[in-house]
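These are my notebook entries on one chain, written down in the order in which I looked things up.

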Amino acid sequence: MNGLRVASLMVATMLTGLVAGVFGIYANAFMPGLAKTDDKTFVTAFQAVDRAIINPAFLGIGFFGALIFTAVAGALNLKEKSLPWIAVAFVLYLAVVIITVTVNVPLNDAIKAAGDPNTIDVAAVRAAFDESKWRAFNLVRVVLSTVAFGLLTWALVLTGKSN
């Protein structure tokens with residue numbers, strides 16, 4: 001049981017760190033880079049990247065896996081010193097999932113649903129997208145997921161000290 005307890009916490013930590021990194025790349029490179037492009041390039045690139053990121057590796061293993069493995073790690077560490085750290089990490093990451101599903105995904109879906117950038121009013125689509133809202137909520141996701149990653153890392157440290 002100890003091996004499974006540690007393994008689940010390690011996987012939760014790694015996946016949370018992975019997702020925090022993805023959100024960080026969006027905040028520090030992808031969105032600032034797109035902000036400097038014309039409307040057609042913005043819409044075309046955003047649509048392509050959003051379609052590409054919706055895949056089993058990122059969504060199933062990374063994004064939702066981080067939440068699932070954190071919950072499993074919490075359940076397996078109920079009597080351990082690491083539980084409070086895991087619990088707070090779970091709540092923070094759950095907030096990330098909720099923000100993603102309620103804010104970022106609807107904005108992503110709207111820009112994808114607008115259609116082919118060669119046949120639509122890309123300036124109107126970009127204006128309706130609300131870049132500043134998307135970026136602000138992504139920054140919240142960066143902070144929350146990074147803090148959750150740090151808390152899970154600390155839980156691993158505590159787990160190592162108790163073994």
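Predicted model: local features only at pLDDT ≥ 70, side-chain atom pairs only at ≥ 80, totals over all residues.

**Entry 1: K112**

I began with K112, which lies in helix α4. Leaving aside its neighbours within four places in sequence, I found K112 in contact with Q47, D50, R51 and I54.

**Entry 2: confidence**

The pLDDT averages 96 over the chain, and 99% of the residues score at least 70. Among the elements of the chain, the highest mean pLDDT, 98, belongs to α4, while the lowest, 95, belongs to α6.

I then asked which residues N108 touches, not counting residues up to four places away in sequence, and the list I wrote down is F46, D50, F129 and W134. With D50 there is also a polar contact, in which the side chains of N108 and D50 are joined at 2.9 Å. D50 had already come up in my first entry, as one of the residues in contact with K112.

A110 lies in helix α4 too, but here I noted 49% relative accessibility, so that A110 counts as partly exposed. I also looked up the separation between the C-alpha atoms of A110 and I61, which is 25 Å, for two residues that are 49 apart along the chain.

**Entry 3: the largest pocket**

Next I looked up the largest pocket, for which I noted a volume of about 280 Å³. The lining consists of 19 residues, and those closest to the centre of the pocket are I53, L59, T100, V105 and N108.

Which helices each supply at least two residues of the lining? I wrote down α1 (2-35), α2 (39-53), α3 (56-76), α4 (83-113) and α6 (131-162). The largest share comes from α4, with seven residues. By class, I recorded twelve nonpolar, three polar and four charged residues in the lining of this pocket.

**Entry 4: L34**

I then moved to helix α1, where L34 has its place. L34 counts as buried, because its relative accessibility is 7%. Its contacts, once neighbours within four places in sequence are left aside, are T41, F42, A45, F46 and R126. F46 is a residue that N108 touches as well.

**Entry 5: D130**

My last entry concerns the loop between α5 (122-129) and α6, where D130 lies. What is phi of D130? I noted a value near 65°, which is positive in a residue other than glycine. I wrote this down because most residues other than glycine have a negative phi. As to accessibility, D130 stands at 33% and so counts as partly exposed.

Conventions
Residues numbered from 1 in each chain as written. Heavy atoms only, no water. 1 Å grid on protein atoms, 1.4 Å probe; cavity = no way out; pocket = protein on both sides within 12 Å on 5 of 7 lines; lining within 4 Å. Points joined across faces, edges and corners; volume = space filled by probe spheres on them. Helix = DSSP H or I, 4+ residues; strand = E, 2+ residues; numbered from the N terminus. Nonpolar A, V, L, I, M, F, W, Y, C, P; charged D, E, K, R; others polar. pLDDT = per-residue confidence, 0-100. Polar contact = N/O pair within 3.5 Å; in protein donor to acceptor, adjacent residues only side chain to side chain. Contact = heavy atoms within 4.5 Å. Buried < 20%, exposed > 50% of the residue type's maximum accessible area, 1.4 Å probe, protein only.
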